Amino acid sequence: MQLALNSPLDMHLHLRDEAMLNIVAPLSAKSFAAAIIMPNLVPPITTIAALKAYKERIMIATKGEKFTPLMTLFFQDSYDYDFLKEAKEYISAIKLYPAGITTNSEGGVSGIDSESLKMTLDAMSELKIPLLIHGETNGFVMDREKEFVPVYEELAKNFPNLTIVMEHITTKDSVEALDRHKNLYATITLHHLLITLDDVAGGMLEPHLFCKPIAKRPEDREALLKVALEAHPKVMFGSDSAPHPQHAKESCGCAAGVFTAPIALPVLAELFAHHDKLDNLQAFVSDNAQRIYDFRPEKKEVILEDAPSTVPAIYDTVVPMYAGKEIGWSIKSVS
Ligand code: NCD
Ligand code: ZN
Ligand code: ZN
């Protein structure tokens, strides 16, 4: 069996910088036509100059591939209309992190409410710049995303012209919120469609599956699977591929992030084929995002086939999800 995908998009991707950028960026650029690039570097991307320089480094690291990095700024409540008007030309979205909630988010926002963010969110609404949010409170780890849903809803209600993307949703509650507000959208990762907390911590601790938000319960995964497999018009694929060096994962104080970029498309195809929903993968990995972001990627055709392949044990210093395991599908060609 084969499947042709037109211009697959990864709407949530960490490419890092320097040596790591050079290891991971080509792996995404090979099979994706474009990707939303997360700004949580150290220090985060908060200026147009830093953004342009980072984009330049990504272009160098992905030279020879047809790949568009869609850049984002790291949200600051000091961004005003004039700054954003100038920034708009260079960005596809702005990413908001609650302070300290995930990897490299120390410079994020503490206290997210409509009043304190009004100046920036009004400007983003007017300029049609999407707001992407890592939606977790600092409550009990399994409840953080659920507790954040009212924040999403308040923002969606108070800024009806702002496109808000709930990033890497992991719960049934988030899925249900999607249909309550016309301006709420979501990205869903590959790993949250596949695993639950059991896979992370139910047996021997599996550091390469540890990420934020942490994988949840079977009923949450079911809810995510349902909307992904039907390519619900408000969900998009965003891998949240988040590489960390092997020593930072296999250590005391394991860094959060699952590295899925090299396996994303074959494993998605395998999953959709398993549920007899291959016809919906095009919308989930590209068409929905094109509509939501009003973005037309360059044409890039990826042919996937149900030929088994073995996932490499490591890419330089980074261990991928399913390292050393056989997966049922592979990439046949890209043109
Ligand atoms: C991401 C990272 O490593 O940058 N980690 C993660 O567990 N998902 C940050 C993020 O997306 O929250
Ligand atoms: Zn996040
Ligand atoms: Zn992320």
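Helix α1 gives the largest share of the lining of the second largest pocket, 3 residues. Helices here are DSSP runs of H or I with at least four residues, and strands are E runs of at least two, numbered from the N terminus. This is a predicted model, so local features need pLDDT of at least 70 and side-chain atom pairs count only at pLDDT 80 or more, while totals for chains, interfaces and linings use all residues. Residues are numbered from 1 along each chain as its sequence is written, chains are lettered from A and ligands numbered from 1 in the order in which they are written, and side-chain values use heavy atoms, leaving out hydrogens and water.

Back to that second largest pocket: it holds about 230 Å³ of space. A pocket is an open set of points on a 1 Å grid over the protein atoms alone, with protein on both sides within 12 Å along at least five of seven lines; a cavity is a set where a 1.4 Å probe fits but cannot get out, and lining residues have an atom within 4 Å of a point. Points are joined across faces, edges and corners, and a volume is the space filled by probe spheres set on them. The second largest pocket is lined by 14 residues, with Lys 30, Pro 262, Pro 266, Tyr 315 and Ile 331 closest to its centre. Two or more lining residues come from each of α1 (18-31), β11 (309-310) and β13 (330-334). By class, this lining has 9 nonpolar, 4 polar and 1 charged; nonpolar covers Ala, Val, Leu, Ile, Met, Phe, Trp, Tyr, Cys and Pro, charged covers Asp, Glu, Lys and Arg, and the others, Gly among them, are polar.

The largest pocket holds about 300 Å³. Lys 88, Lys 128, Ile 129, Pro 130 and Tyr 293 lie nearest its centre, out of 16 lining residues. That lining splits into 9 nonpolar, 4 polar and 3 charged residues.

Now for the nonpolar cores: sets of buried Ala, Val, Leu, Ile, Met, Phe, Trp, Tyr and Cys residues joined through side-chain atoms within 4.5 Å. Buried means under 20% relative accessible area, exposed over 50%, and partly exposed in between (1.4 Å probe, protein chains only). Leu 268 and Phe 284 touch the most other members of the largest core, which has 101 residues. Helix α11 (residues 264-274) supplies its largest share, 7 residues. Another core lies apart from it, with 18 residues, including Met 38, Tyr 97, Val 165 and Tyr 293.

Helix α11 also holds Ala 273, which is partly exposed because its relative accessibility is 22%. Beyond neighbours within four places in sequence, Ala 273 is in contact (heavy atoms within 4.5 Å) with Leu 278 and Trp 329.
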